[in-house]
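Here is my note on the strands and their neighbours. Please read it with the model open.

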Amino acid sequence: MSRSPNPAEFDKASAVAKQLSSGSEDIGIIAEDFLEQYGDALLQDLTAANSFFTAENVASTLKDNAKWHARVAAYDTPEEDNLPQAIQDALLSDLSKVMEYEPAMLGQHPDSGNHFTTVELFNKDHQVIRTGKRWAQAKGTGTPQEIVDQVIEAYSAERLAKGKDPNVDPEVREASAKMMEKKRLAILIGPPGAGKTTLIRLIGDALKQDGHSMLVTTQSGMLSQKLEQETGHNSLPLSEVIEQMKKVRNIEDAPDLGLRQGGTLVIDEAAMLGTREMYEVMQLANKHKLSLRLIGDPKQIAAASPGAPMEKLLEHIEPAVIYRVLRQKNEVDKQATLNMHGGDAEAALKSYSVRGRLKFLENAGDVTTKVAKDYAKWRSKQDHDGKSAAILVLDMDSAEAINAKARENLKQSGYLPPGIEIETAYGPKEFSTNDRVIFRERIDLRADGLNSRIHKGSVATITALNPGFMTVTLDGTEQSMVIPIQKKMRMTHAHAIELTQPDPAESPQGSTLTRGFLAVTRPWSAPEAIVGISRHKKKLTVYVDKKVYPDLQSLAADAEKRPERLTTLDVADRKPDQPKPPGQSPAPG
């Protein structure tokens, strides 16, 4: 991400401008100086969410984005010289940094103008695929079939001893064996709730029994803590894994990772990685001689950054597949998940409608009132203490409104006692014992000589609270942590949580709830519908704003639409309007 401008930058920019007199030739030199300092950062911002951008995107970024407007203004050039236009012209004509495509090559209307991508992103898209194809055939870490059979039998015996069904689904058995073949890279796909977490445990058990090291990672802090609890294997958020791997020459020098050279990195919800993240993971895996296991579902919510590397790798690599839904306890709910995942949203939603679990309300305010009331009623019941539930929403405004209403109802019922006001990074907010919270930053703790941390994106319940400290129990664990209360803590309520988070570390994708509530107050898409309908084990109710979707048919129509996600690979076989620039970045391995 681009850093914010500082006074030293302004001084240098002003000095450059003062050395040059006004005029068309001079303004071009100033534009070149600007791009020498900021060109790469500007291109990163222009492709932060999408692979392609237009000249209009450049112009609006330089004019309307406060950071970039300040950087341009620091050069203090006469308005008639039009420095932003000179920067735009110089940037888009630099063949070493930018590639240009005519609208037809991207399936756009001819009047939409040419589109651009960066050479950096183009190279990384292609290198990820080349490396992935090679690693899928290369020898890597794996285990013999007899080891896989042994850990499955041990897992079955453990479940039997706990009074649970000891049978391991045949698909999971077959997929476990395929994922343990001695390959540098293997991929597993399956719908939500199909047993991917169980398979991660079996993979880890097999690798460790055979003397190998392994680490489980995912972008979501919420999911990471769940994976560690449910698999029994060390799990850290991907951002922390990358941070530690970059710091060390030898992987053994990062003891928190528990990896050795030749170990295996297992990435859950790998479809949420964009091209840049996947490229960096491959670079670091190559540096430390690691094998990769990618696990996920390309039909669910994708990366917030450009590219679709896992989806594109699946065009070249045969994955292991599991397809039976195991999470939901109700067979009708299982079938609804499969219907939604398979593109028959109408059938999925009808199954909820006929059971009275699809409710259309007059407006967003009525949705807020009803879902908050139903959630508070469920949460306040004593026999639900300690069980997981959340209201899943589609945007931040809905989350804030529903969190406020849910807390109001929980206070009226006596479930939330009087709280204290904490000055958070989002303004003053009241928190009480029993409140649900999400931490939007990593918190490092030290107590009794031991180091521990709360990962960014972790969700917890407050169990004790005073003006100086709070005690929380993290979801999926029985671990209590005492946290000093500080000003500007990045912490918010988590009775309602956004499905699509701008930061994947805070995503609820992959999480499991005992009871789910889903509020639809803006248009949605297939990935959001698939995730929203599949988080619960026992029961889900869907609440819909009739001003957005007046009936089931309109709700289902959008739930079957997948957002277009165009990458440079989609236009790779078409010759760009300008010649490909020379030079390629090194492949990950």
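1. Terms. Two strands count as paired if DSSP finds at least two bridges between them. Strands (E, at least two residues) and helices (H or I, at least four) are DSSP runs, numbered from the N terminus.

2. Basis. This is a predicted model: local features need pLDDT of at least 70, side-chain atom pairs count only at pLDDT 80 or more, and totals for chains, interfaces and linings use all residues. Residues are numbered from 1 along each chain as its sequence is written, and side-chain values use heavy atoms, with hydrogens and water left out.

3. Strands 5 and 6. Strand 5 (residues 214–218) runs parallel to strand 6, joined by 3 bridges. Look at threonine 217: leucine 236 of strand 6 stands opposite.

4. Strand 11. Is strand 11 (residues 389–393) buried or exposed? Of its 5 residues, 5 are buried (under 20% relative accessible area, 1.4 Å probe, protein chains only; exposed is over 50%, partly exposed in between). Ala389, Ile391 and Val393 cover one side, Ala390 and Leu392 the other.

5. Partners of strand 11. Strand 22 (residues 513–520) pairs with strand 11 in parallel over 4 bridges. There, leucine 518 stands opposite leucine 392. Strand 21 (residues 496–498) is also parallel to strand 11, through 3 bridges; its alanine 496 is the bridge partner of isoleucine 391.
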